[in-house]
Each structure stands twice: as structure tokens, then as C-alpha cells.
Amino acid sequence: MNFPAINEYTFAMNHPADCLLDGGMKRMIVSRKGINGPKPICGRFGAVYQMCSPEADEYWAVKFFISDVARRSDHYRKIANFRRELAVDCLVPVEYFAEGIRTDKGVFPVVKMPWVQGETLDVFVERNIANPKKIQHAADWFNDCILTLESCDCAHGDLQHGNIIVAPERMMLVDYDSLYVPGMAQGEADELGLPDYQHPQRSEQLFDKTMDRFSAIVIYTSLSALAEAPELWEFHKDCDYLIANKSDYCSPRQSEVFRAMYGVPALRRMTAEWMTCCEMRVDELPSFSEFLTRLETMADTPATLEEFWKLRPAPSKRVSSSVISQDDRAIQNQKLIEELRRGKLSMKGPVETIEAHLPKFPPKPSPTAEQRTQEMAERKRQKTRVFESRKRYLNSKLEKQLALHTELITALANSPRFTYDKNKAADLEIEHKQLELLVTRTVSLSEEQFPAFEQEAKILLSSSINAWIDTTNQEILKHREQEIQKTRVFESRKRYLNNKLKKQLTLRREFITSLANSPTFLYDRNSLTEAEVECKKLEQLINRSLLLSEEQFSVFEQEAKALIKSNVHERITEIQQEISKHREEKHRELKESSELAFKLSKRLRNDNPKHMALAERINKFDHNPSY
């Protein structure tokens, strides 16, 4: 079937009511548009359009396909049934419509699922690279997703940054074209995912619950490394990977990324285990829960990368992904013959002739009772290991949440604004006690009790306590900044008032000196006494201002303003003018006395020589007007 191109779908989506065949989608409108109409998110197999349901104000992702895949209908129906029966937190519900959209080329299938609001993983990391705490939260959420998929015997098949959406307080997986759920046929994958997230030996024959093992290790280890050493983000280089790519996986001994990671002491164990997985065969890779267990039980690694590689012999030449076992080859031959019989493949010659030329492989012998017992025992041990790993992980999350509750209680106690009410505080105390009980219960938890215990724990772990702590801490920091600013303003006002009081004291002293030098003595004893009392008050206020608290400042300021408002300037000016006037009058009188004494002395000398002694006395006179 010749499927439409993306531009043909975009043209049809200009009128969704006319081209969409499902009644519910007919009433939707395209909410994400560009300059030339609806703006899709394009992938390798199709395009996704964001649509909105006006009645319920809900957003949906509607996917159209640009190529045909034989098993697509069965694939998505099984996913829809699986998701309907089992509520997997990291997967959204799916609806598949075999006849979903009509275009000029015919009727084609459509997949509809709820739109996940959030950022792709690479955008989230880019925005929060300076906040290691948020990167670690993302690593923990991804850990939850993978352990959940493993517990359900599922695998995404194309784990990479573009298919991981970081929503508030959770992480979701999208794009289910390669998703594996129980009940699907194993062994033939329609796509292999981005090479920079896949094991070098990943092949089309790998399509089962184990195909996410390497990509899960890549993403979890990369996020944990970035949380510990954000400078590793320099290896990203705006490419289709986080910090490592396919060349690093093919040659881990020459990888600069692994060398930089190994140089961080806290990342040595994780880096060593990641490099070890790169040199394993794809069928030898540990499950994600086993990988976490290895990290916990791994012995100390050497201090340098060279010493680490010396302890590990170089791997033998890898078996090509095209080389498969005889059992797998026999299965492929059988499938080929069945497809020939059904007419799905066209080959020259009758089926019997082709079948005769195919290599014959002996059938795989049935396992003995002892082998079956050993296999069942191994499965049981594997199940126990997964259970213990999940229990340890859940316990660590509960302990982290308990620490967050303690941090929040402390933050609220130190918050000066107390934005929470008594009910929230009481709820927080109850949650704190419940977390303490859950942490205690995990020690003696049995495998049968775990599902109910996990649901109970998830209710408490889903609390948006991180946002609450951030809000409270922001309030505390804001209040501290306000207090610092308030203290600065108070100190500035105190210094200003202290300077004004000192100036006023200087004026008072000048006023008292002016009063003492005033020749006319316009003041009375009361004025002098009042000035001296005000001087003493000013001295006391200046001394008090040094030890003044913020609460006492208002009263102190009013008391100081009463003294500062006194008309001492006018009184000083009046006295100084009086002193100047008096000096001018005294100078004039002295001048007149001098002239009078000179005239009298001259007259005495001229009238009678006997009066010479008197004239000399007059010349030596101190010009006293009262003489």
C-alpha cells in the first residue's frame, strides 16, 4: 500500500472534520499550528499532530503513518488491550483505528493517545544541567519506569531522549511502534532504535522483553553521571545522544567519555559496569535490576582506567549479528516456509522444491526433568533477585522521601511567613509517621505482600514535596534578603539620625557660647538653662543611638525630631547679628574718643606749655570713653 507523505497528511488536517473518520476525533481541532498550517512532530515511521477536544479541554496526540508495516494492526491492538488491563504508570492508553483518516490515496490507520505535557529528556537536561538535584530526580524517575516495565515483562524497543517526556514529578514514555508486551511474537523487530542508544550487536532478531537492557543502562548511567559531574555535558555536542555514542560502545577502551567518567571517583563503579556491558554479547547483558544489584555488590575498582583494563583481558572478536544459532536458523526456515505457503512471499518454483533445498537442522531435543527443574530453580532465583532489587530500591526511595519530609518540616519551622495552615502541617506529620512505618516494614516484607506495599508506598511518594520544599526555601531566602535589606535601611537611617543629632549638639554649644559673648544679654537665665538641658539630652540620644534596636527606633526618632525641630538656628543668627552690631558701635565710639583725645592734646600744647604733661597723659590714654 502506498501511504501518503507528511505534507499530504498536513493538507488533510486543515479540515479534520472532513478527513477523520472517528466520531470523537471529528469534533477535535488542531491546536499546534505553524505558518503553513498544522505543525506535526515527524518521526521515522509517521507524524504526530496535537489536537484539542473543545468540550473537555483535553489534548491528544494523533499519529499517522507514512509506511506500511505488516503487523501494525495486531501490534497496536495488543498494546491497547495490555494497557487497558494493566495500568502501567509510564505508558499512556492507546487507541488504534484501522480506518482513521481519508486522504486522496485512500483510507489509512490512525493511533490516538493522550498528549503528554512536558519536555523531552535532552531539553530537560539542557535546561537543568546546573541543577544536579533535578537531574538526579530524572534518573530516579527513569529507574522507576524501567523497573516497572521489567516487572510487566515489557520493553519499549526505542529508548532514547526524544521518546522520554519529563512531566512534573514523573516521566512518561511515548512512541510505541517498537513496544513489546506479553503475547507478541518474538524475534523480528520492525526497527532497531537510535544506534547511539543501542548495543553494537543489536539486530532485527532481538524483539522481546530483553531488548531495552543496554539502552536503559546507557540512559540511567548518563543521567547519574551528569548529576554527579555536570561538566560531562560537554560531550553532548548537540547530537542525538546524551554523553556517549555508538563509537564509544564499539571501542570502550579508547573512549574519551569513559575516561572522563572514570576520573570521577563517585562514578568509577558505574563506569566500569557500563564499559563491561559494552564488551558483553547482547544475549549476555544483565537485566536493569541485576545491573543495579551489581553496582551495590561490586568490589572497589582500581584508581586508574589503565589498571582496570589490565585486570580485564581484551574480548575475543565479536560474533557478527548475522551469525545465529542452528535453533534460530531452523525457526527462520520454518517461518519462511509458512509464509511461502500463505502466499506472502513469491519465489520461483514450488514450495516443496524450495523446502528441499533449505538446510536441515535437527530438532531441538526436549529438556529432561532435571533440566526443567534447574530452569525453574533459575527462574525462581532470578525472580527473587528482581524482588530484592526492587525492595531495596523502594526502600531507598522511601528513605529519601523521609529525609525530604524532615527537610520540609525544618524549612516550615524556619519560614518566617508561615504560608502553610495547621491542616497541612498536621497532614505532613501524619505522612512522616507513615513513611517511618513503611521503611520499618520493608525489612520483613515478603514477595506476596510487595504489590500491595508498593501501591501504598507510591501514594506517599507521589507527593509533590520537592516543589513544596523549593517554595518554602524560596520564601525563606526571600525573607532573609528582605531582612538584610531592612537592616541596611535601618542602619542607614540610624547613621543619618546620629549625624543630625551631632550637628544639633554642635549648634547648641555654639548657641551657648554666643549667649555668653552677647554684650546686650538679650537672654535670660531660663533660656540658658533650657539650652544646657537640651545639650545634655542630645548627648544622651547620641549615646543611645549606638545601642538602638529596630523596635525602639520609631519612638527614638520621634524624640529626636522634637529636639531637631527647635529654632536654634534663628536664635543663633539673632545673637550673632547683635554681637556684630555691638562691635560696630564699639568701634565707632573708640574712633570718636581717639579723635577727641587728639584735639584736646593739641589744644593743651598750644595754650600753655605748663599743660604739656597733661597732653602727654592724654596721648597715652587708652581711649576710654568714660575718661
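Author: Helices (H or I, at least four residues) and strands (E, at least two) are DSSP runs, numbered from the N terminus. The model is predicted: local features need pLDDT of at least 70, side-chain atom pairs count only at pLDDT 80 or more, and totals for chains, interfaces and linings use all residues. Residues are numbered from 1 along each chain as its sequence is written, and side-chain values use heavy atoms, with hydrogens and water left out.

Reader: Which helix gives the most to the lining of the second largest cavity?

Author: On a 1 Å grid over the protein atoms alone, a cavity is a set of points where a 1.4 Å probe fits but cannot get out, and lining residues have an atom within 4 Å of a point. Among the residues lining the second largest cavity are Ile146, Leu149, Glu150, Arg213 and Phe288. Both α6 (132-151) and α7 (213-228) supply at least two residues of this lining. The most, three residues, comes from α6.

Reader: How many residues of the lining of the largest cavity are charged?

Author: Asp, Glu, Lys and Arg count as charged; Ala, Val, Leu, Ile, Met, Phe, Trp, Tyr, Cys and Pro as nonpolar; and the others, Gly among them, as polar. The lining includes Phe45, Arg71, Asp177 and Glu191. It divides into four nonpolar residues, one polar and, as charged residues, five.

Reader: How are α6 and α11 oriented to each other?

Author: Axes are lines fitted to C-alpha atoms, for helices over the stretch in contact (heavy atoms within 4.5 Å), and angles run from 0 to 180 degrees between N-to-C directions. Angles under 35 degrees count as roughly parallel, over 145 as roughly antiparallel, 65 to 115 as roughly perpendicular and the rest as oblique. The angle between α6 and helix α11 (residues 288-297) is about 125°, with their axes 9 Å apart. The two helices, α6 and α11, are therefore oblique.

Reader: Is Ser53 buried or exposed?

Author: Ser53 lies in strand β5 (residues 46-53). Buried means under 20% relative accessible area, exposed over 50%, and partly exposed in between (1.4 Å probe, protein chains only). Because its relative accessibility is 13%, Ser53 counts as buried.

Conventions
1 Å grid on protein atoms, 1.4 Å probe; cavity = no way out; pocket = protein on both sides within 12 Å on 5 of 7 lines; lining within 4 Å.
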